[in-house]
Amino acid sequence: MTLFLEFEGGPVPINELSWLEIAPCGCACGIHVAESGSEVIATPEQAWDALHYFETKARAAQDKKAGYTVRLGRRSDVNLLVSDCEHDPKWGVVVTPIPDGYEWGGPNYYYKAADRKHLVSVARADFDDNRMQASRMTALCGREGPNFWARDLGALAECTNCVRAALTMIRGGAR
Ligand SMILES: [Zn+2]
Ligand SMILES: [Zn+2]
C-alpha cells in the first residue's frame with residue numbers, strides 16, 4: 001500500500017517526500033523522513049516533534065517562538081539544506097549576547113525535561129571537553145551550580161532570568 005500526502009495541490013507518494021525545518025531567515029536547517037519502515041510522519045506537528053526529539057519541550061518552544069517552522073518538500077529538496085546560513089543574523093535569530101567571562105552551562109550533562117541552560121561565570125573555572133568546574137560557580141540568575149556545569153547544550157532552552165541579567169549587564173557596561 002502506498003500512502004499519499006497532499007503536496008503542491010495534489011497527492012504525492014509519501015516516500016517521495018521529506019519534512020524540512022525552515023529557520024526564520026527562510027533557510028532549510030533540518031530534514032526528517034516522512035516515512036521510515038512502519039513510522040509515518042504525516043502532519044507538521046508530528047514532523048516538528050520528530051525534528052525536536054532530542055530537545056527539551058522548553059527548547060522546542062523557544063525555537064517555535066523564534067519562528068522556526070516545518071513544511072513538506074520533495075526528497076530531492078535535500079539540496080536546499082544549508083549547514084552554514086549566510087543571513088545576518090544567522091538563521092534570522094538574534095543570539096543572546098554573552099557578557100565577558102561567562103558561558104552557557106547546564107546543571108546536568110544528562111539533562112532532565114525541566115533543565116535550562118544558565119550563564120555561568122567561568123573566571124576561575126577549569127575546562128574539559130564537556131564540562132567546566134570550580135569550587136563554586138553561580139549563574140547570573142543566582143542559581144548555584146553543582147560541582148560542575150555541563151557544556152554543549154543545544155538541547156536546552158535559555159534561562160530567561162539569565163538572559164535578562166545578561167542584557168542589563170551589557171547595556172550597563174556600554175554606558
Ligand atoms: Zn538563512
Ligand atoms: Zn539562569
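Two residues are in contact if their C-beta atoms, placed from the backbone, lie within 7 Å. By that rule, seven residues of domain 1 are in contact with eight residues of domain 2. On the side of domain 1 that touches domain 2, the residues divide into two nonpolar, two polar and three charged. The model is a predicted one.

**Domains and overall shape**

The division of the protein chain gives domain 1 (4-91) and domain 2 (102-174). Taken over C-alpha atoms, the centres of domain 1 and domain 2 are separated by 30 Å.

The secondary structure of the chain consists of three helices and 12 strands. Is the chain as a whole a compact globule or more spread out? Its radius of gyration is 20 Å, well over the 16 Å that the globule rule gives for 175 residues, so the chain is more spread out than a compact globule. The C-alpha trace spans about 60 × 35 × 25 Å along its principal axes. Of the 175 residues, 25% are buried. Among contacts with a separation of 6 or more, 54% are between residues 24 or more positions apart.

Which residues of helix α1 are buried? In this helix, which covers residues 44-51, they are Ala47, Trp48 and Leu51. Seen down the axis of α1, these buried residues fall within an arc of 105°, so they line one face of the helix. They pack against three strands: β3 (17-22), β4 (28-33) and β7 (69-74).

Two of these strands, β3 and β4, also pair with each other, in the antiparallel sense and over five bridges. In this pairing Ser18 stands opposite Val33, a residue of β4. The two strands form a hairpin, with five residues between β3 and β4. Gly26, in the turn, has a positive phi of about 105°.

**The sheet of β10, β11 and β12**

Another group of strands forms an open sheet, with the order β10-β11-β12 and antiparallel pairing. At its edges stand β10 (126-127) and β12 (148-150), each with a single partner strand, so one side of each is left without a neighbour in the sheet. Strand β10 is joined by two bridges to β11 (residues 131-133), and the two run antiparallel. Phe127 has Met132 as its bridge partner in β11.

**Two residues of helix α3**

Helix α3 covers residues 160-174 and includes Ala165.

| Residue pair | Separation in sequence | C-alpha to C-alpha distance |
|---|---|---|
| Ala165 and Cys141 | 24 residues | 6.9 Å |
| Leu167 and Pro97 | 70 residues | 7.1 Å |

Which residues is Ala165 in contact with, leaving aside its neighbours within four places in sequence? They are Leu140 and Cys141.

Terms used
Residues are numbered from 1 along each chain as its sequence is written. Chains are lettered from A and ligands numbered from 1 in the order in which they are written. This is a predicted model: local features need pLDDT of at least 70, side-chain atom pairs count only at pLDDT 80 or more; totals for chains, interfaces and linings use all residues. A residue is buried if 20 or more other C-beta atoms lie within 10 Å of its own, exposed if 12 or fewer, and partly exposed in between; C-beta atoms are placed from the backbone. Helices (H or I, at least four residues) and strands (E, at least two) are DSSP runs, numbered from the N terminus. The arc is that of the directions from the helix axis to the C-beta atoms. The radius of gyration is taken over C-alpha atoms; the globule rule is 2.2 Å times the number of residues to the power 0.38. Two strands pair if DSSP finds at least two bridges between them. Domain bounds come from an automatic or database domain assignment. Ala, Val, Leu, Ile, Met, Phe, Trp, Tyr, Cys and Pro count as nonpolar, Asp, Glu, Lys and Arg as charged, and the others, Gly among them, as polar.
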